Amino acid sequence: MLARLSTRGGVRRYALSAAVGVALLGTTLPAEAADGSGLGRFYRQKVHWSKCTGMEAPYDLQCGKITVPLDYAHPGAGTLDLALARYRATSRHPRGSVLLNFGGPGGAGVPELAAGGKEFMDLTDEYDVVSFDPRGVGRSAPVSCGDGTDEALDATAGETGLGDDPQAVLQQLRSAADQCAAHSGPVLRHIGTVNVSRDLDVMRQALGDRKLNYLGFSYGTRLGAVYAAQFPKKVGRLVLDGVDTLTEPLSEQGVAGAAGQQTALEDFVDWCVKDVGCPFGTDARSARAQVGQLVRSLDEDPLATGFGPDFTGQDLVGAIGQALYSRQLWPSLERALAELVEQGDTSGILGFGGGGIGLPTKGTGVGLLTKSTGTASPTADETHLPLADAEDVPLDNLPAALMAVNCADDPDRPGADRIGQDLGRLREEYEQASPVFGRYRLTEYLMCYGRPKGTDFIREKVRDVRTPKMLLVGTRGDPATPYRWTVETAKRLGDSAVVLDNKGEGHTGYGSSKCVHRKVDDFLLYGTLPPDGSSCGPEDED
């Protein structure tokens, strides 16, 4: 779940457009919307689909949108549009839709579905396969921090800066938070998984489904768990792959993430030094030291890219973190690092810098966007945030959204005195967890400073859900979501949770293990669950 924090060197690869629309029709409302809450008009929507068009848009991908309230507590105060995309079911009598969330938070679902849709074609035997850009992400009222993200990274730079003048660091972090608020607009106050879950239920109804069938990866598992707690009677077949924690504070999540990424990096280096093309030689210990030195040298002396801001060590950390999610990407990472080390060429490594979070696919893409000519019908006195134009999606949207959602989901906000006292200890803990990823992950945590306190709903209320059985997939060698989170979350969710133990490597199992892929599809398509605690072996290819 490590996203690329720095905005420097970001590249948008694709542009996609479609004429999409939404209608407010008279349909039966779910109980949640029939209580005079003012949500009825949102639950009466029906998505109008049309062909997605644009460079490299799959010919069979369709695009649409829905409209949701900006603030569910005051649904008349404002609205925003959410971008959707789907591959239609091939069955004459499909079961309905299966909704996908690829993770993040901050990952846009529309471009990921366009780039990696082949992974899910078996599901079109029974379902329309649908994904979406969550609020604050992609085309859906995208948030941005302007220069705030880089300002936060600068605040944590240097060998002694955190310990020497913590109040100056906090002042920079507060300034960064102010920039995020100024660049993001009204959606920032209403971002977070609790609201995205409510959007998901409006989406379910607009798609015409009585129950939500859902496949979530990485952060998408947090979203799925929150939905199960908020709408237990609306849960259909629900799969969570690469299970997120529901209880650990961001400070502890960051340490766990840094340690997982460090382990994955060391595994990559052990593999690399056995190959003649490895740019770090043949000794693993020396190679690990060279990676750390490369990061430090680029932070001290960034490399000109020729087409944008200079490439820093933290840009490199973010790019490596993306590539480590899947062993399938290791040969490409090795080549890109060789080009960087031997030729000073950043083009290959930049290819990893902006990809989506969650499911590793062979062709990840960013910025694959729908363009809408249809509009919803807000009332005359309310704010309406339409889908953003493709060229207006900020390059820093993914990291800005990641920070916004994670901070909104976490109720802990230590004050300036507490952070000032803890900064030295925190830096030591993070750097001990990973000398390469530690600063990066510490910056993620510190960027919540100066933001409003987040919700305690996830930590306090998402437990002992009364839903049909759901499938949780944990991967033993997952560098982003440790396997123990799967076990802890399953215990927290209660008897509804069924665990599949994937003994392989990489972040999530569906895209890398044929065994996991088959068992997930069997559940979604036929309702067949594996026994709780059953496993897929690391070399299981049958």
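The expected span of a helix is 1.5 Å times one less than its number of residues. Helices (H or I, at least four residues) and strands (E, at least two) are DSSP runs, numbered from the N terminus.

These legends describe a predicted model, in which local features need pLDDT of at least 70, side-chain atom pairs count only at pLDDT 80 or more, and totals for chains, interfaces and linings use all residues. Residues are numbered from 1 along each chain as its sequence is written, and side-chain values use heavy atoms, with hydrogens and water left out.

**View A. Helix H7, end to end.** With 12 residues at 1.5 Å a residue, H7 should span 16 Å, and its end C-alpha atoms, 17 Å apart, agree with that. Buried means under 20% relative accessible area, exposed over 50%, and partly exposed in between (1.4 Å probe, protein chains only). By that rule, 10 of the 12 residues of H7 are buried, among them Tyr219, Arg222, Leu223 and Tyr227.

View B. Serine 218 is not a glycine, yet its phi is positive, at about 60°. Its relative accessibility is 0%, so serine 218 counts as buried.

**View C. Threonine 508 in its loop.** Here the loop runs between strand S14 (497-505) and helix H18 (514-526). Threonine 508 has a positive phi near 75°, and at 1% relative accessibility it counts as buried.

**View D. A cis peptide bond at proline 105.** Glycine 104 and proline 105 are joined by a cis peptide bond with omega about -5°. Proline 105 sits in the loop between strand S8 (96-101) and helix H2 (109-116).
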